[in-house]
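Hi everyone, thanks for coming.

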Amino acid sequence: MPDTVPAPMPSDLLDLARAAQGFMPADEGDLLFRIALERLPHGPGLEVGTYCGKSGIYLGAAAQRVSGATGTTAVVFTVDHHRGSEENQAGWEHHDASVVDPEFGLMDTLGRFRKNIARARLEEHVIAVVGQSTTVAAHWRTPLSLLFIDGGHGEEPARADFRGWAHWVQAGGYLAIHDVFPDPADGGRPPYELIYLPALASGSFSEVAHTGSLRVLRRTRGSAGDPL
Ligand code: SAH
Ligand code: MG
């Protein structure tokens, strides 16, 4: 982690991030912003699990600041099929009926994402990739300065996100994982059991920070593309 405390996010962007629909508490968003500030000068970042762009605003705010400092365009790709996770569907705890496309009876968060990122004027920095995480990962070839996994929290998607994405983190880069609950009383287990623990067990990552359910690991062995 950086020794010096960076200037906080601009307050207009903070307000927009806080107002956006989604699942990113402000203190965890702040950690996301700070790790992105540190890493984005070294290459693109990627988020799995866009939803309506709430976390994307924190990441994009960092990309915007890095761009101003380096004179290049720092970017964060964000992958989602925009049809919602199992836990976002009708009848589940995290369902929002206002994001259902009535023609298909399926969730569609892409329009909300676009509006939120446009309002924040971050369209240059937060790049949507619309599709299945496994499909995008299978074709991905670019080293990542920062990988943020916040996609499907069922066993299959969590396992697939770890296998498909984690090896693309650069040496020294960060793997951030959301909704890590070591105590089952606090929430679902797959991000903890199938992403966080395997990342540590691989010997390629070590933990450097956490706030709430957000865990940040640094790649300490191997480089992007090497198997873990
Ligand atoms: N980061 C967001 C929350 C993400 S919610 C925020 O800050 O609010 C999880 C998202 O992962 C949902 O939008 C869902 O559509 C997406 N998702 C789940 N499984 C997926 C998969 N297999 N491929 C692509 N996206 C997926
Ligand atoms: Mg989450």
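Let's start at the ligand, with one glycine. A nitrogen atom of ligand 1 has a backbone N or O atom of Gly152 at 3.4 Å. Please keep in mind that this is a predicted model.

How much of ligand 1 does the protein cover? On its own, ligand 1 has 580 Å² of accessible area, and the protein covers 94% of that. There are 21 residues around ligand 1, and the closest are Phe23, Gly49, Ser55, Asp80 and Asp150. Two of these names come up again when we look at side chains. Ser55 has a side-chain N or O atom 2.8 Å from a nitrogen atom of ligand 1. For Asp80, a side-chain N or O atom lies 2.6 Å from an oxygen atom of ligand 1.

Back to our glycine. Where in the chain is Gly152 found? It sits in the loop between strand 6 and helix 6. Gly152 also meets a residue from elsewhere in the sequence: its C-alpha atom is 5.2 Å from that of Ser85, although the two are 67 residues apart along the chain. Leaving aside residues up to four places away in sequence, Gly152 touches Ser85, Glu87, Pro157, Ala158 and Asp161.

Picture 7 strands forming an open sheet with mixed pairing, in the order 5-2-1-6-7-9-8.

Let's zoom in on one pair. Strand 1, residues 45-48, runs parallel to strand 6, residues 144-149, and they pair over 4 bridges. Within that pair, Leu46 is opposite Leu147 of strand 6. Packed on the sheet is helix 6, residues 155-165, which touches strand 1, strand 2 (76-80), strand 6 and strand 7 (169-177). The direction of helix 6 makes about 175° with that of strand 6.

One last stop: the aromatic rings. The model has 4 aromatic pairs. Among them, Tyr192 and Tyr196 are stacked, with 5.6 Å from centre to centre and 25° between the planes. Both tyrosines belong to helix 7 (residues 190-201), where they are 4 residues apart, about one turn of the helix.

That's my tour, and I'm happy to go back to any part of it.

How values were computed: Residues are numbered from 1 along each chain as its sequence is written. Chains are lettered from A and ligands numbered from 1 in the order in which they are written. This is a predicted model: local features need pLDDT of at least 70, side-chain atom pairs count only at pLDDT 80 or more; totals for chains, interfaces and linings use all residues. Side-chain values use heavy atoms; hydrogens and water are left out. Two strands pair if DSSP finds at least two bridges between them. Helices (H or I, at least four residues) and strands (E, at least two) are DSSP runs, numbered from the N terminus. Contact means heavy atoms within 4.5 Å. Axes are lines fitted to C-alpha atoms, for helices over the stretch in contact, and angles run from 0 to 180 degrees between N-to-C directions. A residue is near a molecule or strand if one of its heavy atoms lies within 4 Å of it. A polar contact is a pair of N or O atoms within 3.5 Å; within protein, one must be able to donate a hydrogen and the other to accept it, and residues adjacent in sequence count only if both atoms are side-chain atoms. Accessible areas come from the Shrake-Rupley method with a 1.4 Å probe; for residues, only the protein chains shown count as cover. Rings of Phe, Tyr and Trp (its six-membered ring) pair if their centres lie within 6.5 Å; planes under 30 degrees apart count as stacked, over 60 as edge-to-face and the rest as tilted.
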